[in-house]
Amino acid sequence: MPRTAELAHEALISAWPTLAEQVRTDSDLLAARAELRHDLDRWEKAGRPADLLPGALHLGSLSRRLRARESELSPPEREFIDLAGRRHRARRARVRAAWVAAVLVFALVVGLGTFLVQESRVSAVREAEGRSRSLVTLSDELAKRDPGGAALIAMAAHDLAPTQEASNALLRRYDRFVQDRWALSGTDARMDQVATSTDGRVVLVTTKAGGSTSSDGGAMLFVRSADARVVRARLPLAEQAFFPMVSRDGRRVAYLSTKDGGALVWHDVDPAGTDEAAVLGRERKILGKEFGDPGTTLYQRRGLADFSPDAREVVTATGGRVQIRELATHRTRELPGRLPAIDRVWFGTDADTLVAQQPPEAGQDSGTGPLMAVDTGTGRTRTLVTGVGTSTISSLALSGNGAVLAVCRRGPTGADITYEAVRVADGQVLRRHRPGQWSSSCKGVAIDGTGDHFAMSTVGATWHVVGTRPGATVREAIGPSTFPRLDEDDLSLVGDPDELVLIVPGETAVTGRPLAWNTVRADSPPALVRGAAQGGGGDTVVRIGEGGDRMGIVRMDAEGSTVIKEVKRPSRRAWSEYLQGPPQVNRGRRATLAADHIGANKVRVWELPSLRTATDIVAAPIPEDQMVRILFGPGDELLTVSGSIVEHWNARDGRRLSKPFDVRDLGFAGKEKVEFTASFHPEPGHVQILMAGEPVIHAVSLRTGEENTKLKVELGPDVSTAVLDRSGDFAVVQTKGSMVEVWSVRQEGQAPRRVLGPVGPLNQFGDFQHGFRGDSSEYFLANGDSIRFQDVADSDHRGESYVFMEEQKFLAASRDGRTLLRYIDKEVVNILHLDPELWKSELCATLGRDLSQDERRGFPVWLPDRICPPGGR
């Protein structure tokens, strides 16, 4: 058979499909072999370099076309193809390895970057904490001379990093102003004397670098706008300044100076100005020796000079002589006639009337001197009141409009104190008030701008506010119990009649202290009910009235205490006279019930907040010198302990829930008089009992009245009292040394062990609060000068603590320990929320300003740009 054939015609290629496909395949093969031969010849002629071997794409094309016909290739061609393939595979492996390395490098870079970012964040946090702690130190140092600036620095420290130290500094600064509506501070030196406008919005302070009678000092102006913004303006040329003055409308201020032999220096003021330059006008002065005598005793430092009602004139009293200077012309207006010696002088209702006081008897630094009205046109005088003290304690105050004079006078025996309001126009006594038998001395008197009200301190923090108009009443208020500068400054009363504010000068700050109306006469410590966690005030349940004849819901806030609901109840006078103190009202765990004694062994339960009587319970009779103990439990359960008898009740309907039992019948108690503590056990249906002097907590079934020995807990030998928490995992122990410990008592195979403490000692009068926060393992203790939180189940828990400047008396606490009632200023009950953001908000509102640019120059440059908003809110 012939191996070759010749086509008869080329048309057969397209007409015969099999032949056409064969021709196409052979054409690709021939073309591929031609390319292969070309590349092979070039490669061999060039000395067989690797870079002339077919690349990946060309090799792929050749391999595809030569597939199944490789056997027809010559040995050199097959070697060439094989070398190109091996080179391609090696290159691909290198590329793959490079990609793997790149991915690994990328992952390493990402990981390292994440690590570096994290480290950077940690470093930034540590840097912020370090800066915060440095500001805390600065705040504590600054508090001694500028409490307002110290508060701003403490807020800045907390903004940078809310460290424990920053929170404590913020708490101490907050506590400094907790009772104040507003505060002014930031003078270079100790504040010496203070003067205010009638409305209290413009305040001029002179400062002293030396003692109280030194004249080496300057002056600072404070202006409080209607939106509570505070603008400070330093009087730049003030030297050797003393005795500040502010006009009644606040549009002019002045001071006396010993410089140049004596000078009266004054400035016009724009109370609407928003910065130092806009508030303070240029300095003007009048020279005269009558302006240069600061007095040699403290009482002479009052009433040295005064603005006329329109602030066009100034009256002075020096060396017993009265002179009036007109500021515009510098002319002196002499009073006609021969006046008696005058030590203190003020303008009355107009420029033609003066109110003056004669000095004490010769040779005395204190005593009494009559007050008189002087007609500047005729020189005639008329006595307004006699026997008014000229001692270092302020015994008089003139209303802002000069119309009413309030004075304090002693009776013939020196102990009968009477306050009088006298009208300057005719000397008529508008009102007399005797504060009571416990007020044996004049403690300072303040009067408002119109003379409609005057106020005086009586006993402790109690003030009486007396109306001078016909039919006006005397109201009791809570105010400051002490005055840092009462011996050197007069007191001013500003604000609306229902919201009176006492301006209290101090050595480092001038504050506005609201007189909180004391509408509640409490007969028991308050028990928190609700609302306190919301940041403002809080509702409490308290026994009120003489002898506790009413039960009330009292709302407590910064403005005082208000009874929002009250009901009558039996007085405790008939049965509690032998008790050392009035019993406390008991509040249920869910704050929906309250229970209190209405007899030695009688208990009444009220629903909260309606104060509707739920039930009355008559417990077992008790010894004459005791009263029944009341303990709320889970749900509506209630325990009463009468001597050694324990009874179990439903607190809503008074039903007995189990039979009473006598602790003396239990095997672990003696048969004689026994002392023990009892409360609900965490195991339902049980009560826990600790016998005095024994470190064992016993569990007694309320159903059977018998001990459940499986639940017995034995503690250390130094235990005085102990109680299990609601989980039963921990016991709070008070040792015989009045220290507190927390023990872990329910761990499999382990004996009880101490996990916290000892902490203390506890307040000896019981003015502390403690417990577990809700149902958690976090324990809190508010005692002495601190409040501490610690998770006793977590040994790594760092805890949290708040430390005060001085010892506290804690009356009540919310379940989470974050809201507490405490005594401040001796007898004022205050509600404290452990909320630094709330403290900052209230501090900003009190201060009414931020750090000025001048102040910031003395502090680190990394202070936050803004600490308090304009106006403090």
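**Strands 54 and 55**

I looked up strand 54 and strand 55 (residues 819-824) in this predicted model. The two strands run antiparallel, and I find four bridges joining them. For one facing pair I noted alanine 813, which stands opposite leucine 820 in strand 55. The hairpin has five residues between the strands. Within this hairpin I checked glycine 817, and its phi is positive, near 75°. I then asked how many residues of strand 54 (residues 809-813) are buried.

**Sheet 2-3-4-5**

Next I went to an open sheet of four strands, in the order 2-3-4-5. I recorded its pairing as antiparallel. Which strands stand at the edges? They are strand 2 (190-196) and strand 5 (230-234). Each has a single partner strand, so one side of each is left without a neighbour in the sheet. From one strand to the next, I have the twist averaging 25°.

Inside this sheet I looked at strand 3 (residues 202-208) and strand 4 (residues 219-224). Five bridges join the two, and they run antiparallel. Here I noted leucine 204, which stands opposite leucine 221 in strand 4.

**Glycine 261**

I located glycine 261 in the loop between strand 7 (252-257) and strand 8 (263-268). Is this glycine buried or exposed? Its relative accessibility is 52%, and the cut-off for exposed is over 50%, so glycine 261 counts as exposed.

I also looked for its contacts, leaving aside neighbours within four places in sequence. Glycine 261 is in contact with Gly288, Lys289 and Gly292. I took one C-alpha distance as well: glycine 261 and leucine 287 are separated by 7.6 Å, while they lie 26 residues apart along the chain.

**The disulfide**

Last, I searched for disulfides and found one in the structure. Cysteine 844 and cysteine 868 form this disulfide, with their sulfur atoms 1.9 Å apart. I read the torsion about the S-S bond as about -80°, so the disulfide is left-handed. Where do the two cysteines lie? Cysteine 844 is in helix 8 (residues 836-847), and cysteine 868 is in the segment after helix 9 (853-856). The pair therefore ties together parts that are 24 residues apart in sequence.

Note on methods. Residues are numbered from 1 along each chain as its sequence is written. This is a predicted model: local features need pLDDT of at least 70, side-chain atom pairs count only at pLDDT 80 or more; totals for chains, interfaces and linings use all residues. Side-chain values use heavy atoms; hydrogens and water are left out. A disulfide is a pair of cysteine sulfur atoms within 2.5 Å. Buried means under 20% relative accessible area, exposed over 50%, partly exposed in between (1.4 Å probe, protein chains only). Contact means heavy atoms within 4.5 Å. Two strands pair if DSSP finds at least two bridges between them. Axes are lines fitted to C-alpha atoms, for helices over the stretch in contact, and angles run from 0 to 180 degrees between N-to-C directions.
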